[in-house]
Amino acid sequence: MKRRKRKPNPIKKNKKGNNNMKLSTIPFLRICILFCLAIPYGCSVGKYIPEDETLFTGAEITVDSEEEKRALKPVEQELNTLIRPAANSTVLGMRLGLYYHYKAQREKPGFLNKWLNKKFGEEPVYLSDVNTQRIEELMLNRLDNRGFFYSKVSTEIDSTKKYASVNYTAQLPKPYTLEQWKIDKDSLPIYSEIEQAMANTQLKAGERFDLELLKYERERIDGYLKNRGYYNFNPDFLIFEADTNRYENRKFDLFLRLKKGTPEKSIIPYTIDSIAVYPNYSIENDSLPQVSEITEENGIQFIQDEEFFKSKRLEPYILFEKGQKYNSETARLTSNRLAALGSYKFVNIRFNEMDTSSVDNKGLLNADIFLSPLTKRSIRTELQAVTKSNGFAGPGIAVTYNNRNVFNGGETFSLTGNFAYETQLSGGDNAGLTSIAGGLKANLLLPRLVPFSPSRFNYAVPKTKISLGGDILKRSKLYTLTSFNGSFGYTWNANKFVYHELNPISITYVNLTDTTEEFEEILANNSYLSSSFEQQFIAGLNYTFTYNELVDENKDRPIYASTTLDVAGNTLSLLNGGKSTAFGLEYAQYAKADIDFRYYLKWGKENAVVSRLYAGWGIPYGNSSTLPFVKQFYSGGPYSVRAFQIRSLGPGTFRSDEDSTSSFFDQSGNLKLEANLEYRFTIWSYLKGALFVDAGNVWLTNEAEAGEGESEESIAFNRQLTTEGKFGSDWITELGIGVGFGLRVDIQSFVIRFDFASPLQVPYLPEGERIRTPFIDGGSENVIFNFAIGYPF
């Protein structure tokens with residue numbers, strides 16, 4: 001036929017394939033690459049299809065029923081999951097994967113065709129691969145399970161010489177609905193427990209028959225019984241029986257009972273008769289320790305060759321007691337709590353039935369808890385290479401020493417030392433500016449509340465954290481900054497998603513020394529910056545609340561929210577009778593709060609749109625006219641607005657002299673607003689891509705008090721800083737906005753990130769000139785490269 005000789009239009013839809021056209025989930029970049037590769041060769045696959053085969057192009061399901069379409073939508077979606085196999089994928093109407101497969105089957109396919117087939121090729125799916133009779137049987141079975149008994153499914157094949165699609169039609173009668181349910185019980189005590197479990201049943205009169213719901217109810221009852229001592233019970237011992245004899249209008253009664261022949265030991269509750277704990281069990285040898293010490297706490301025996309873990313410290317983590325009924329949930333929580341200690345790599349709880357006949361319809365269990373310790377001491381070394389968007393780059397090293405179970409009570413002591421060297425690689429007056437940073441920090445983590453008595457938290461064990469550390473930062477041509485910090489607080493998980501951290505004691509001492517004449521001049525001309533360095537003593541409390549649904553990988557739309565409240569100086573002011581100094585040091589007074597909210601929209605396995613909103617505000621009062629420098633907000637950089645260098649935004653429309661070293665210090669504020677939107681997708685395997693837009697800035701909401709004898713130059717500078725940096729009603733026009741794209745290497749959650757960004761709105765430019773064309777206006781200088789480890793949010 002003449003139609004055969006005509007070259008197919010790769011953009012035009014196939015006549016028989018209109019119903020199967022769909023948006024491809026392949027990222028846009030890959031589509032472009034594949035499309036470009038396909039153009040030189042053409043994309044028709046018809047000439048490659050064997051003479052005795054017909055290419056399967058897809059299937060559709062039509063559901064006919066008197067029921068409302070809204071009620072049938074879940075049923076229709078479920079039937080679609082039964083269609084097998086799936087047709088070959090299409091990209092803009094072209095079957096590229098199939099095309100590459102056919103090209104690679106030639107006698108001399110060539111390197112390029114082999115590579116394309118390996119990466120993107122697909123085996124052809126022919127009509128002969130489709131077993132329509134089997135699919136009809138599966139659909140009828142599924143419809144029976146959903147209450148649509150005596151349904152009919154028919155098949156129609158729509159085909160041409162080379163292509164074929166399948167249309168399934170399901171005719172659904174009126175479904176069977178529940179009239180009432182009953183428990184077919186006798187005198188066995190277990191029936192009273194089953195009756196209590198059924199008080200929360202999802203079986204409701206008027207609902208259609210649903211086999212999956214009945215299976216769920218059996219599992220739910222089984223869980224209920226296992227939490228009430230029925231150690232040997234199994235959901236298969238329960239049976240639901242439907243009776244339609246009383247009705248003629250597709251209704252049924254449901255009866256629940258135990259199956260005949262259910263073992264006697266499965267219908268009696270069990271009580272824990274003894275508990276033995278082995279705190280130093282060797283899983284490698286699978287052997288019990290030589291018994292040289294047996295101690296007892298609250299009826300629990302602790303057996304160990306020597307005291308590896310104090311029994312009085314371990315006993316509060318065990319939630320079940322001698323004489324209690326067996327409870328599977330209590331056993332699970334006990335296992336979680338013991339694993340959360342941080343001292344054990346394996347926790348194994350075994351329940352053994354006592355070799356005795358049941359007494360008074362009750363059984364007895366022995367509980368043995370085997371705990372296999374982690375390595376007591378370990379050292380971890382990290383070599384780091386740092387590059388920042390402000391031009392600083394250099395090597396670093398961090399060494400951490402861990403000592404687990406240091407006081408035989410589950411305590412973990414860690415000591416971390418770090419050293420880093422950075423140099424300014426960019427040109428200008430700042431070229432050659434270097435910084436040396438070092439620090440030492442000690443942490444002691446105790447798996448209990450100190451000094452409070454042990455508490456039996458149901459979900460997780462709260463921990464007490466004591467920290468003490470010191471840091472030194474030396475910037476050439478500027479200053480040396482030493483700081484000492486200490487904290488005492490608590491951390492705990494309220495449930496799977498909620499995390500709390502409370503530090504009632506948080507102390508920081510900052511000492512600015514070895515200031516150069518250049519830096520002294522900066523402070524003299526900027527009273528706001530000078531005030532932020534004056535108050536060296538910060539003492540207060542802070543609290544963080546985090547709600548994190550990302551821990552549940554099954555959620556398609558998880559959210560993350562975290563808020564922190566930081567208050568300093570109130571306790572010292574109260575203890576000192578309102579004096580402005582403590583221990584001879586002027587202390588800071590402020591209240592600071594922030595919130596970080598993120599929303600993740602996921603589809604497929606590798607695609608997501610992530611949105612983030614951040615807001616923070618700090619209010620100085622009492623002794624303070626500004627926030628301490630270490631507590632101020634800044635914007636710009638690889639984890640902020642990526643189209644601007646780190647700390648280069650704000651406050652407001654203010655901008656420091658580009659060639660001055662002061663630009664690293666005065667572009668901060670006490671109010672911060674940021675928003676980010678990022679589309680993440682997979683380019684290939686471990687290589688990921690991203691398109692993003694960021695917006696944000698910092699502002700001032702208060703003015704620094706002028707010092708005595710302040711120069712006219714300083715007064716003018718601070719007037720400019722206050723005028724340009726003050727938060728006002730036109731704050732939207734003062735946002736730094738940027739767009740960009742990124743490449744990420746993501747190997748098992750270790751992410752190396754490369755982001756390229758360019759400004760869309762530059763707040764420090766004159767009004768009318770702030771909007772720019774990204775990646776075009778300003779040339780190469782308008783492109784900011786960000787290198788970082790981990791995702792930005």
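Me: How many cavities of 30 Å³ or more are there?
Reply: The count comes to four cavities of that size. Keep in mind that this is a predicted model.

Me: What's the volume of the second largest cavity?
Reply: About 90 Å³ for the second largest cavity.

Me: And which residues line the second largest cavity?
Reply: The lining is made of L178, L203, K204, E207, R208, F209, D210, L213, L214, F252 and L254. Helix 8 (211-226) and strand 6 (251-258) are the elements that give two or more residues to it.

Me: OK, stepping back. How many helices and strands does the chain have?
Reply: The protein chain has 14 helices and 29 strands. It has 793 residues, and 45% of them are buried.

Me: What share of the contacts with a separation of 6 or more comes from residues 24 or more positions apart?
Reply: That share is 65% in the protein chain.

Me: Now helix 12. How many of its residues are buried?
Reply: Seven of the eight residues in helix 12 (residues 527-534) are buried, so the helix is largely enclosed by the rest of the structure. The buried ones are S527, Y528, L529, S530, S531, S532 and F533.

Me: What covers them?
Reply: The cover over the buried residues of helix 12 includes strand 17, strand 18, helix 11 (517-525) and helix 14 (712-725).

Me: Switching to aromatics. How many aromatic pairs does the structure hold?
Reply: There are 34 aromatic pairs. One of them is F484 with Y509: the ring centres are 6.5 Å apart and the planes are at 15°, so the pair is stacked.

Me: Which strands do F484 and Y509 lie in?
Reply: F484 is in strand 17 (residues 479-493) and Y509 is in strand 18 (residues 498-513), so the pair ties together parts 25 residues apart in sequence. Y509 itself is partly exposed, at 23% relative accessibility.

Me: What about F727 and W731, how do they pair?
Reply: They're stacked too, at 6.3 Å centre to centre with 25° between the planes. F727 is partly exposed, with a relative accessible area of 31%, and W731 is also partly exposed, at 29%.

Me: Which residues do ring pairs link into a cluster?
Reply: Y48, Y99, Y100, Y102, W115, F120 and W684 are linked into a cluster by ring pairs.

Me: And where does R228 lie?
Reply: R228 lies over the face of Y224, 3.7 Å from the ring centre. There's also R680, whose charged end sits over the ring of F793 at 5.4 Å from the centre.

Me: Backbone next. Which residues does a cis peptide bond join?
Reply: R84 and P85 are joined by one, with omega about -10°, and P85 lies in the loop between helix 3 (69-80) and helix 4 (96-104). The bond from G650 to P651 is cis as well, with omega near -5°. P651 is in the loop between strand 24 (607-620) and strand 25 (671-684).

Me: What's the phi of N405?
Reply: It's positive, about 55°, although N405 is not a glycine. N405 is in the loop between strand 13 (392-404) and strand 14 (412-424).

Me: Is N405 buried or exposed?
Reply: N405 counts as buried, at 1% relative accessibility. F775 has a positive phi as well, about 65°, but F775 is partly exposed, with a relative accessible area of 33%.

Conventions. Residues are numbered from 1 along each chain as its sequence is written. This is a predicted model: local features need pLDDT of at least 70, side-chain atom pairs count only at pLDDT 80 or more; totals for chains, interfaces and linings use all residues. Side-chain values use heavy atoms; hydrogens and water are left out. Rings of Phe, Tyr and Trp (its six-membered ring) pair if their centres lie within 6.5 Å; planes under 30 degrees apart count as stacked, over 60 as edge-to-face and the rest as tilted. Helices (H or I, at least four residues) and strands (E, at least two) are DSSP runs, numbered from the N terminus. Buried means under 20% relative accessible area, exposed over 50%, partly exposed in between (1.4 Å probe, protein chains only). A charge sits over a ring if NZ of Lys or CZ of Arg is within 6 Å of the ring centre and within 35 degrees of the ring normal. On a 1 Å grid over the protein atoms alone, a cavity is a set of points where a 1.4 Å probe fits but cannot get out, and a pocket is an open set with protein on both sides within 12 Å along at least five of seven lines; lining residues have an atom within 4 Å of a point. Grid points are joined across faces, edges and corners, and a volume is the space filled by probe spheres set on the points. Contact means heavy atoms within 4.5 Å.
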